[in-house]
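Welcome! Take a moment to look over the sequence and the 3D view, and then we can walk through some of the details together.

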Amino acid sequence: MSATQSVYLEEEGVYRFHMEHPVPAYLVALVAGDLKPADIGPRSRVWAEPCLLPTATSKLSGVVEQWLSAAERLYGPYMWGRYDIVFLPPSFPIVAMENPCLTFIISSILESDEFLVIDVIHEVAHSWFGNAVTNATWEEMWLSEGLATYAQRRITTETYGAAFTCLETAFRLDALHRQMRLLGEDSPVSKLQVKLEPGACSHQACAWDPVDATHPSGLLPCLWLAQAGLSPHEGVNPSHLMNLFTYEKGYCFVYYLSQLCGDPQRFDDFLRAYVEKYKFTSVVAQDLLDSFLNFFPELKEQSVDCRAGLEFERWLNATGPPLAEPDLSQGSSLTRPVEALFQLWTAEPLDQAAASASAVDISKWRTFQTALFLDRLLDGSPLPQEVVMSLSKCYSSLLDSMNAEIRIRWLQIVVRNDYYPDLHRVRRFLESQMSRMYTIPLYEDLCTGALKSFALEVFYQTQGRLHPNLRRTIQQILSQGLGPSAEASTEPNAELARAGAEAGSDSAALLLGDEAPSSAISLRDVNVSA
């Protein structure tokens with residue numbers, strides 16, 4: 001449990017837990033299962049099912065203590081005693097959760113080393129920002145996620161260097177701008193101080209379980225309605241706040257504050273003092289900003305909070321992209337090869353460009369480099385068919401041996417370009433992956449294109465292994481994806497019924513559950529994985 005002390009009374013068969021510090025209710029968490037422990041450091045252990053324990057131990061032994069020590073040098077003593085990690089089944093519906101003393105994380109992430117590093121370090125950073133000092137309202141969730149993302153990147157810079165941190169930041173900001181293009185610059189969720197709607201959402205398309213909040217596409221149901229020409233809410237449902245703006249726009253604002261004081265070490269000192277002042281309490285944005293200006297009186301005298309176009313108030317309440325972004329030039333040694341390879345694949349003549357591109361050995365690249373390259377190709381899809389054929393010839397077998405973060409991006413390229421020779425790889429991937437971050441993007445693409453029947457067949461075969469929340473979300477995607485062909489049938493569930501019959505189902509309800517398709521809304525993925 002997320003507790004500083006735990007005792008098992010064997011004679012009573014009772015576990016007792018105690019948390020010595022005050023915490024908000026959302027950080028009270030308990031997990032039960034066939035879990036075995038293994039120490040990975042002087043104050044850390046992993047808990048996992050026996051089949052996963054050796055892998056989890058080998059990947060994290062020793063390094064978690066390095067991350068904790070780096071964070072302590074930056075922001076002060078770790079105040080929670082132990083830092084343990086529990087690995088949850090692949091069907092767990094979210095990637096990670098920063099429960100104090102016991103981080104919850106999905107086991108699927110174990111195969112993607114760089115994503116595992118970033119996700120765990122992010123949860124470590126929450127020990128100071130989010131757990132010790134908590135946002136008082138969900139309308140200012142960036143106070144937790146933006147500060148934790150900034151601290152995460154300070155920790156990775158200290159432990160892995162600036163180039164790696166800039167690469168990961170470029171990858172995430174690239175996804176932020178992709179989400180911005182999809183939602184529009186006036187989207188209400190792009191504010192840091194989000195205005196919450198006064199009551200529960202009444203639209204059927206918004207009716208998913210709040211636990212199922214992290215939609216990997218980044219598209220919020222009420223915004224799907226807006227894209228479909230219907231009226232969205234003026235306010236935002238609080239269950240929809242897990243989006244890239246909360247993390248990355250919040251990070252950009254915190255980074256901007258660090259640049260105002262001119263020295264990241266001085267800003268670290270400020271954050272250390274901020275945590276010490278407000279630990280075990282909840283704060284609002286004004287608490288952070290007042291503390292910042294009081295810590296740097298020279299900046300207060302310069303009225304940096306009112307600089308034209310960069311006013312603190314505008315950062316908090318304006319929609320759209322960040323008002324300023326970090327200088328990522330220290331990562332150019334890692335990002336330049338990605339841009340160069342992408343340019344080769346979009347150059348003409350194709351034969352000459354493909355020959356040059358095939359000489360680049362991406363097997364030596366970092367995961368974030370390969371993911372960024374594939375994201376560029378995804379943004380350009382659909383691609384000319386001869387380009388997709390050449391890409392498949394060059395990369396398909398190689399990428400098939402890489403981790404899931406790489407494979408899903410290649411398979412999305414396959415689906416978005418209707419490249420049937422590699423479709424069997426899509427089936428195999430969906431049959432083996434139970435996580436929403438590795439299933440939702442593919443189902444969205446399959447249902448937006450010409451492969452809805454294929455999606456229905458695979459879903460029918462795998463639905464029994466999916467988490468109920470994830471199953472409901474995919475059912476909605478399958479229903480909404482039927483819209484374009486609905487005119488060809490007298491009953492809106494005709495294609496589902498055919499798929500159910502072909503798969504041996506006695507009822508399309510096995511696929512759809514209790515929810516009927518509502519409208520033809522095209523969903524697109526933005527590769528949000530955490």
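## The whole chain

The chain holds 22 helices and 9 strands; these are DSSP runs numbered from the N terminus, with helices (H or I) of at least four residues and strands (E) of at least two. This is a predicted model, in which local features need pLDDT of at least 70 and side-chain atom pairs count only at pLDDT 80 or more, while totals for chains, interfaces and linings use all residues. Residues are numbered from 1 along each chain as its sequence is written, and side-chain values use heavy atoms, leaving out hydrogens and water.

Of the 530 residues, 55% count as buried. Here buried means under 20% relative accessible area, exposed over 50%, and partly exposed in between, using a 1.4 Å probe and protein chains only.

## Helix H20

Helix H20 covers residues 468–480. Its 13 residues reach 18 Å from first C-alpha to last, close to the 18 Å expected at 1.5 Å a residue; the expected span is 1.5 Å times one less than the number of residues. Because 10 of the 13 residues of H20 are buried, this helix is largely enclosed by the rest of the structure. Among those buried residues are Leu470, Ile474 and Gln476.

## Gln152 in helix H4

Gln152 sits in helix H4, which spans residues 142–160. With a relative accessible area of 3%, Gln152 is buried. Its side chain joins that of His122 through a polar contact of 2.9 Å; a polar contact is a pair of N or O atoms within 3.5 Å, where, within protein, one must be able to donate a hydrogen and the other to accept it, and residues adjacent in sequence count only if both atoms are side-chain atoms.

## Salt bridges

How many salt bridges are there? The count comes to 31, where a salt bridge is a side-chain nitrogen of Lys or Arg within 4 Å of a carboxyl oxygen of Asp or Glu. One of them pairs Arg154 with Asp268, with the closest N and O atoms 2.5 Å apart. Arg154 lies in helix H4 and Asp268 in helix H8 (residues 264–278), so the pair ties together parts that are 114 residues apart in sequence. Both Arg154 and Asp268 are buried.

Arg409 and Glu405 also meet in a salt bridge, at 3.0 Å from N to O. They are 4 residues apart in helix H16 (residues 404–416), separated by about one helical turn. Arg409 and Glu405 are both buried, and they belong to a network of salt bridges that includes Asp174, Arg178 and Glu339.
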